[in-house]
Structure formats: C-alpha cells, structure tokens
Amino acid sequence: MASTRILIVEDEKGIRFAVRSFLEAKGYEVEEADDCRSAEQLFLQSPPDAVISDYVLADGNALELLPRLKAIDSAVPIIILTGHASIDLAVRAIKEGAEHFLTKPVELPSLAVVIERVVENTRNIQKQLARKTLQRREDVDPFLGPSARIRELADEARKVLLSESTVLIRGETGTGKGVLARWLHNNGPRAEEPFVDINCAGLSRELLAAELFGHEKGAFTSAVASKPGLLEIAHRGTVFLDEIGDMDVQVQPNLLKVLEEKRFRRLGSVRDRNVDIRLIAATHQDLGALVRDKRFRSDLFYRISTIPLVVPPLRERIEDIPLLAGHLLNRLAGDLGRPHMELSPECERAMQAYTWPGNIRELRNVLEHAVLLSDQRVIDVRHLRFHTSSEGDDWLGDSRFTLDELERHYIDRVLKEEQGKVEQAARRLGIPRSSLYQRIKKYGITLSRI
C-alpha cells in the first residue's frame, strides 16, 4: 500500500526540517516547498494526501495559495499554521477551504494527530463517493419499459415507499426481485442506513441462524470469537431476505420474533438485543402451498405478506424488451470498454419472440455474449445465442434464416399465444390489424390451425 504523502509549505528551513524529520519517522512521505509558486508546481505534478502550509510565505500567503490548490484538486485537505492567529483570519481560511487552522508553535504529536484525522476523513469521503458512483452505475431501474404490467408495479411500489411494513416480492428467478428491493431501500426513508441482503437458499439451519442473529464466543465448536449478526449490522436500515421460502422452519420462529418484538438473541447468549429494521423478502415459490405442506409457518407468512409486490416475467412484458435490452447493452459495452452499441430492428424482433425462461438475468447473459461476439456497433440476429430447450425455438439464434422467415416464425408464435385472435396479436405486435392480415396472407399462415 502506498504511503501517505504530505506537502510542507514553509519558508523557514529549520521548521521545514523539524516537521519533515518528525513526519518521516511516522512513516509519511514528505515533500517541501518554500513559497506559493513552488508549492503550486509540486501540487500540480502530483497532488499529495494533505498540505501543511505556513500562513506568511515569501511570495504571498496561505489564503492566496488555498484557492489555487483547491482549483487543482479540491479533495486534498489543507492545514494552515500561523503565529498571528485571529478569529477573523481563521474564519476566512475555513471559508476558503482550509481543513484546520492551527496556531504556532504547534506540538508535533498534536499535528500528527490532526494529519491522521483529516487524511482518514478524506479517504472515507472518497470511498463513500466511489461506492455511490458504483452503485449508481450498477443500479438498474426496476421499472424500465412502457408495458402496463411494469407501470402497474411502479405505481404500487411508489405507494409503499414510505411504509415501514414488511414487503414480500414474488416473481420468477431472474426477474429482478433484488433490484426492486434495492430500489425500495434507496428511495425510502432508510436510504442513508445499511442495506443488508442474504440468500436463504442453500444455507443450513445453523449457518443461516448464525448469519442472521450472530453468535457469542463458544456458542459452537468453531465460534472462537463473538460475531454480530446481519440484523445488528442492518440496525435502522433494511434487511433483504432473498428466497425466504427456503428458510429452515426452525429458524422461522426467531425471525417472527424479530418482526413482532424488535428484539433477538445471539446464538449462545441470554441477553436480548433490540433492533430496528425494515424487512423485504422475496421468493419465486408459492408460499401458500408451502404453508399447506407445513414447510413454511402460516404466522410468518401472514406477517411478511403485508405488502405483496409481483414482478412479471419478461415474456409477459415483451414491449419492454427493446428499452431494457438497449439499457443493458450499453452498460455491458461500457464495462467491456466498447463504444455505444445498438440493437438492429431484426434483433429486437427476435428477442421479443423468445420466451426468456431465465428472464432479465438471461437477457443480460445473451447480450454480454453478443457484445463479445460482435466487432461492430450494431448487434444483429447472428450475434444472439439463446439457451433454448425446445427444438422449435432453434430458429431464434440461427443466422441462416432470412428476415422474412424470422418474421413469419415470430408472427406465428404470437398468434398461437393469442389463440388466433388477430386483434390481440396485432396490438401485441404493435402494428395495425390490417397490416397483420397482410402478413398472414403473405406468409400463408392458416388461422384455423392455430
């Protein structure tokens, strides 16, 4: 790890030497400047982690130097030292962007504490900004698309944003339940607090309980130290339990107690701990059926299903596919260092004809593969590779077919799914009914056989 770099701006050589020797003994990397001009040059070459500047310098003062350095890199903290302190001067320095204003003579150990604090604060701020930037880049709008199903979901989700009640998100695998859970947290009253998620699928009873509630030292053989659980970590924030239908039935009563009484116990502890969380749960299973089969507690089911939200599968929102695919495509291209990319109209139609058993997760995988295959800015049908299990779907990823053949297959499938009802099929295809009749005639599609 690179050492912390400090720039000392001081016109008295003896003071520079003393401060430099002390800081280097502490492990800092130190650079020196004796006036504003040389300080600005060194700063411009490579901004340090912090600046310590005397107020009076040979060619100016620290208040004149401050804005010049801040214009180069506003994140670098600057500490000003002066032998002629006044409240007015201190206020002016802070307004100009100084992190601290200290009076000479300053004790070097105290100065080291200040440096350590301001550098650590700056790094924490940078980490938070980086996390927020990454989160904005990685976040996907869960409501992309014009379909009635997704607009209805968006309306329902916005109505419950300010609620503290538990939300149960249902939907098939890959539909974006986790994305919706994150959106609910980021746009709700707990947005500045932790968001903790855990997937209940595949976790044993012991491991799930230890992850949720934590444990005390000696609670079990490998518990060599006490460990807080995710509930404690999420205090005042949101806990997202994905695939809650897979939660062991012996853990469920403990979770119910948390929801009803806002308290729990670590494994191996006799002391209750209070916790304030909002729970968002998700599942692709029929929890009602699990309740009937005695695999899920009815009291917990009723407790978590206060606010039910259903994320539709991609095949039920095909109008959204072009917009959703275009959004994902350009994020993938950016991640892979590619320029802006587009989907050809034929590609969009082929994607809308596919049933997407893996939903948005599968869509992302297909697009990522297409970006890697293509050396052009436009993704075409030949770049698509669908993971179809049905022999009848092989045409979707086969570039040997002509555009007319792809269109015929697509129209035939939509008509079958709409049970031969031309008006509904035309609405779904986004074309006038008369145009659909023309294509039915052109391709020799027999409605009576559908």
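**View 1. Leu153, Ala157 and Arg158 of helix α6 meet Leu180, Trp183 and Leu184 of helix α7 in this predicted model.** Here a contact is a pair of heavy atoms within 4.5 Å, and helices are DSSP runs of H or I with at least four residues, numbered from the N terminus. By class, this contact has five nonpolar, no polar and one charged residues (nonpolar: Ala, Val, Leu, Ile, Met, Phe, Trp, Tyr, Cys and Pro; charged: Asp, Glu, Lys and Arg; polar: the others, Gly among them).

**View 2. The axes of α6 (residues 148-159) and α7 (residues 177-186) come within 10 Å and cross at roughly 40°.** That makes α6 oblique to α7 (under 35 degrees is roughly parallel, over 145 roughly antiparallel, 65 to 115 roughly perpendicular, and the rest oblique). Axes are lines fitted to C-alpha atoms, for helices over the stretch in contact, with angles from 0 to 180 degrees between N-to-C directions.

**View 3. Helices α13 (residues 321-335) and α15 (residues 359-373) have axes that come within 9 Å and cross at roughly 50°.** So α13 is oblique to α15. On the α13 side, the contacting residues include Leu324, Leu328 and Asp335, and α15 brings Arg364 and Glu368, among others. By class, you will find ten nonpolar, no polar and three charged residues in this contact.

**Reading the views.** Residues are numbered from 1 along each chain as its sequence is written, and side-chain values use heavy atoms, leaving out hydrogens and water. Local features need pLDDT of at least 70, side-chain atom pairs count only at pLDDT 80 or more, and totals for chains, interfaces and linings use all residues.

How values were computed. Helix = DSSP H or I, 4+ residues; strand = E, 2+ residues; numbered from the N terminus.
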